[in-house]
Amino acid sequence: MTASPSTPAYAPVVDRPVRWGVVGAGRIAAKVMGDLAGMPGGRLHAVASRSADRARAFADEHGAPVSYGSYDELLADPDVDAVYLATPHRQHHAVALAAVEAGKHLLVEKAFTVTHAGAQQVVDAARARGVFVMEAMWTRFQPAVGRLRELVADGAVGEVRSVRADLGLRVPFDPSDRLWDPAQGGGALLDLGVYPVAWLQMVLGGTPASLEVAGATGPNGVDAESTVLWRTEDGRHGVGTCSLLSPLPGQAAVFGTEGWIEVPPRFHHPDRVVLHRTGGGRSVETSEEVVAPATGTGYSHELDEVHRCLAAGLTESPTMPLDDTLAVMAVLEQALHALGVHHDEDPAAI
Ligand SMILES: NC(=O)c1ccc[n+]([C@@H]2O[C@H](COP(=O)([O-])OP(=O)(O)OC[C@H]3O[C@@H](n4cnc5c(N)ncnc54)[C@H](OP(=O)(O)O)[C@@H]3O)[C@@H](O)[C@H]2O)c1
C-alpha cells in the first residue's frame, strides 16, 4: 500500500524521542551522533558494526545502551525507530533495502546509492512499505541555505538564470582510501560531486533537459575530477565541478536578472550568504551579508527534520524529497558513464 499524505502509514513518533540505530560506525557517524547528543528530539539507542568490539567502543563513546556485532541484529531490534546508515556508498543499497523491509525509518548518507537503479529500488520499497526515508543531504537544512531559498523565492535576484558550485580536495592516490576505492563506491562524483549536483538540482529543479560532462579518471579507473553543464528545457543552466586532484574553494552562487547570491566557502555548510542586488541596472546597488550559522557541527538540522517528519507521520521530507534524490542520482550516473565509470551495488553489504 502506498502511503497517502493525509493518512500516516505508521504510528507517528510523538511524546518521546526518536530512538536511533547507527549502521556503519565510522567517521561521519561519530560526528553526526555528536550533534544528536544535544538534541531533545532523538537519542542514540543502538550501534551496529561488522565487529562487536568496534560497536561496543562506539556505543561506549557515544552513550548508546545497546551494541551489535552485525547489521541484521540491529535491524531486528524493535526498539530502533530510525536507522542512520553511514556505511560507504556502495554498501548503502543492500542495507537500506533490509532496513525498509524491517520497517525501519531511514536516514541514508550521501551519495544515496552508487547507481540510479539502486536508488529507485530503495525508493520504491520505501514507498510500498510506508516508512520514512531521506538522503542525508545536510546542505539543504543549513539555516543559511534556507535563507538563500527564501530570498530566491521572494525574487531578491529577479529571475534565476544560472547557478554554479564547486567542491574539491587534493587526495593523494591510495586505492585503499574510501575516496579512491571502487569497492566502497570511490571517486570524486559520488563523494564530492554529489554536493554541486544537488545544489544545481535544488536551484534549477527536476532533471536536466541535457547534460554535458568533461573530466578525467584516476590510475584505477575511478573518476578523479569532472565538470557537468546542466541545461533546462527553458534555457537556464548550471555548472558543477568536483575534484580529488585539486583543492577547489567550495563556492556556489545563484545568478538572476537583478543580482546574484554568493555562497562563500564551503557552500555545502555555509554560515552566511551574500546578496548583491542591481535592481535591474548594470552595477551593484546594494550588497548585504545574511548571517545564519548552523547549530553544532551542522548535522542537527537534518536530524531535526527526521524528528519533525516522524512526529507528523510523513514518509518523505518536503525539503529533501526522494524525487530530488533520484534526480541527483540520475545526473551523477550520467556523468560517471560519460567518463567510462560503471558502479554496481554491493550485494554482500549485509
Ligand atoms: N554528510 C557528510 O558531511 C559526510 C562526511 C563524510 C562522509 N559522508 C558519507 O558517509 C558515508 C561513510 O563515510 P565515512 O567517511 O564515515 O566512512 P568510514 O569512516 O570508512 O566509515 C564507514 C563505516 O562503514 C562500515 N562498512 C561497512 N561495509 C564496509 C566496507 N565494505 N568497507 C569499509 N567500511 C565498511 C565500517 O564500519 P564497521 O566495519 O565497523 O561496520 C566503516 O567504519 C559515505 O557514504 C560518505 O559519503 C558524509
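A polar contact is a pair of N or O atoms within 3.5 Å; within protein, one atom must be able to donate a hydrogen and the other to accept it, and residues adjacent in sequence count only if both atoms are side-chain atoms. By this criterion an oxygen atom of the ligand lies 3.4 Å from an N or O atom in the side chain of W138. The structure is a predicted model, in which local features need pLDDT of at least 70 and side-chain atom pairs count only at pLDDT 80 or more, while totals for chains, interfaces and linings use all residues. Residues are numbered from 1 along each chain as its sequence is written, and side-chain values use heavy atoms, with hydrogens and water left out.

**Annotated domains**

- UniProt, in an unreviewed entry, annotates residues 18-135 as "domain: Gfo/Idh/MocA-like oxidoreductase N-terminal".
- UniProt positions are given in the numbering used here, feature names are shortened, and annotations may be inferred rather than shown by experiment.
- Residues 18-135 are 42% helix and 23% strand, with end C-alpha atoms 17 Å apart; helices (H or I, at least four residues) and strands (E, at least two) are DSSP runs, numbered from the N terminus.
- The unreviewed UniProt entry also lists "domain: GFO/IDH/MocA-like oxidoreductase" for residues 147-262.
- That span, residues 147-262, is 21% helix and 36% strand, and its end C-alpha atoms lie 12 Å apart.

**Six-stranded sheet**

- An open sheet with parallel pairing is formed by six strands in the order β3-β2-β1-β4-β5-β6; two strands pair if DSSP finds at least two bridges between them.
- The edges are β3 (66-68) and β6 (133-135), each of which has a single partner strand, so one side of each is left without a neighbour in the sheet.
- On average, neighbouring strands of this sheet are turned by 25 degrees against each other, direction ignored; axes are lines fitted to C-alpha atoms, for helices over the stretch in contact, and angles run from 0 to 180 degrees between N-to-C directions.
- Six bridges link β1 (residues 18-23) and β2 (residues 42-48) in the parallel sense, and W20 has L44 in β2 as its bridge partner.
- Helix α8 (residues 300-312) lies across β1, β2, β4 (82-85), β5 (105-108) and β6, at about 130 degrees to β1; contact here means heavy atoms within 4.5 Å.

**Eight-stranded sheet**

- Eight strands make an open sheet of mixed pairing, ordered β8-β9-β10-β7-β11-β12-β13-β14.
- Its edge strands are β8 (210-217) and β14 (286-291); each has a single partner strand, so one side of each is left without a neighbour in the sheet.
- From one strand to the next, the twist averages 10 degrees.
- β8 and β9 (residues 223-231) are antiparallel and share eight bridges; G215 is the bridge partner of S226 in β9, and E212 stands opposite L229 in β9.
- Five residues separate β8 and β9 in their hairpin, and G221 in the turn has a positive phi of about 90 degrees.
- Four bridges connect β12 and β13 (residues 272-277) in the antiparallel sense, with G259 opposite R277 in β13.
- β13 and β14 also run antiparallel, joined by six bridges, and V273 stands opposite V290 in β14.
- Helix α7 (residues 188-204) lies across β7 (160-168), β9, β10 (237-243), β11 (252-256) and β12 (259-263), at about 165 degrees to β7.
- Helix α9 (residues 322-338) lies across β8 and β9 and runs at about 50 degrees to β8.

**Ligand surroundings**

- The ligand is surrounded by 23 residues, the closest being S49, R54, Y71, K110 and Y299; a residue is near a molecule or strand if one of its heavy atoms lies within 4 Å of it.
- An N or O atom in the side chain of R54 is 2.7 Å from an oxygen atom of the ligand.
- For Y195, an N or O atom of the side chain is 3.4 Å from a nitrogen atom of the ligand.
- The protein covers 85% of the 890 Å² of accessible area that the ligand has on its own; accessible areas come from the Shrake-Rupley method with a 1.4 Å probe, and for residues only the protein chains shown count as cover.

**Backbone exceptions**

- Most residues other than glycine have a negative phi, and most peptide bonds are trans.
- K110 and A111 are joined by a cis peptide bond with omega of about -20 degrees; A111 sits in the loop between β5 and α5 (116-129).
- P265 and R266 are likewise joined by a cis peptide bond, with omega of about -15 degrees, and R266 lies in the loop between β12 and β13.
- D15, a residue other than glycine, has a positive phi near 60 degrees and is found in the segment before β1.
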